[in-house]
Amino acid sequence: MATTGAAPTRRERGKTQKREQIFEAARTLFRAHDFDEVTTQQIADTADVAVGTLFRYVQTKDELLLMVGNEMIRTRLREDMAERLAGLDADADAVSQICHLLEPLIQVSVRHPANFSNYYLCIFFTPAGEHRAQALEHLAMLEARIGQLL
């Protein structure tokens, strides 16, 4: 067992590597295919892990979609929100600012409408868990920012 501040053990590094492989496989497949077309077996095969191993890291395919969607929102929306709004004309009305803020989400929803809508279905209907909590946190942050603009 690793102690606080100690370098991760080989086992911990292996678990992190597998988690990253699974995430990358899910991201790749969800970018190329609709949610309903992707199976957990395909994700496991692409990640080069057994299906049983995949289910040690996530409980459902919904959870994988939440992981991928959360990462997209974090990188496309959260990290550049201040930059996106700073690039706007200071006299822009609230509607223009909100549209500019939401543009990355709109672009994704146009490219992958089935996955985008399934992501939101997963937020509302997936049992509580780490990835759902992160998604709700992203939505709360977005809602608060829109409220500030209004």
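Glu24 and Arg27 both belong to helix H1, which covers residues 10-32, and they stand 3 residues apart, about one turn of the helix. This is a predicted model, in which local features need pLDDT of at least 70 and side-chain atom pairs count only at pLDDT 80 or more, while totals for chains, interfaces and linings use all residues. Residues are numbered from 1 along each chain as its sequence is written, and side-chain values use heavy atoms, with hydrogens and water left out.

**Overall layout**

- The protein chain has 8 helices and 0 strands, where helices (H or I, at least four residues) and strands (E, at least two) are DSSP runs numbered from the N terminus.
- Followed along the sequence, the protein chain gives the pattern α-α-α-α-α-α-α-α, and its C-alpha atoms fill a box of roughly 55 × 40 × 25 Å along the principal axes.
- Of the 150 residues in the protein chain, 35% are buried, a word that stands for under 20% relative accessible area, with exposed meaning over 50% and partly exposed in between (1.4 Å probe, protein chains only).
- Among contacts (heavy atoms within 4.5 Å) that join residues at least 6 apart in the sequence of the protein chain, 66% link residues at least 24 apart.

**Salt bridges**

- The count comes to 2 salt bridges, each defined as a side-chain nitrogen of Lys or Arg within 4 Å of a carboxyl oxygen of Asp or Glu.
- In one of them, the side chains of Glu24 and Arg27 meet at 2.3 Å, N to O, and Glu24 is partly exposed with a relative accessible area of 34%.
- Arg74 forms a salt bridge with Glu71, and the closest N and O atoms of the two are 2.8 Å apart.
- Arg74 and Glu71 are separated by about one helical turn because they lie 3 residues apart in helix H4 (residues 61-78).
- Arg74 is partly exposed at 31% relative accessibility, and Glu71 is also partly exposed, with a relative accessible area of 24%.

**Cysteines**

- The count of disulfides is 0, a disulfide being a pair of cysteine sulfur atoms within 2.5 Å.
- Cys99 counts as partly exposed at 45% relative accessibility, whereas Cys122 is buried, with a relative accessible area of 4%.

**Packing of H7 and H8**

- The axes of helix H7 (residues 113-125) and helix H8 (residues 130-149) come within 9 Å and cross at roughly 110°; axes are lines fitted to C-alpha atoms, for helices over the stretch in contact, and angles run from 0 to 180 degrees between N-to-C directions.
- H7 and H8 are therefore roughly perpendicular to each other, the label given to angles of 65 to 115 degrees, while under 35 is roughly parallel, over 145 roughly antiparallel and the rest oblique.
- From H7, Tyr119, Tyr120, Ile123 and Phe124 meet Arg132, Ala135, Leu136 and Leu139 of H8.
- This contact of H7 with H8 has 7 nonpolar, no polar and 1 charged residues, where Ala, Val, Leu, Ile, Met, Phe, Trp, Tyr, Cys and Pro count as nonpolar, Asp, Glu, Lys and Arg as charged, and the others, Gly among them, as polar.

**Two single residues**

- Asn70 is placed in helix H4, counts as buried at 3% relative accessibility, and touches Tyr119, His131, Gln134, Ala135 and His138, leaving aside residues up to four places away in sequence.
- Asp48 is found in the loop between helix H2 (40-47) and helix H3 (51-57), where Asp48 is exposed with a relative accessible area of 66%.
- The phi of Asp48 is near 60°, a positive value in a residue other than glycine.
- Most residues other than glycine have a negative phi.
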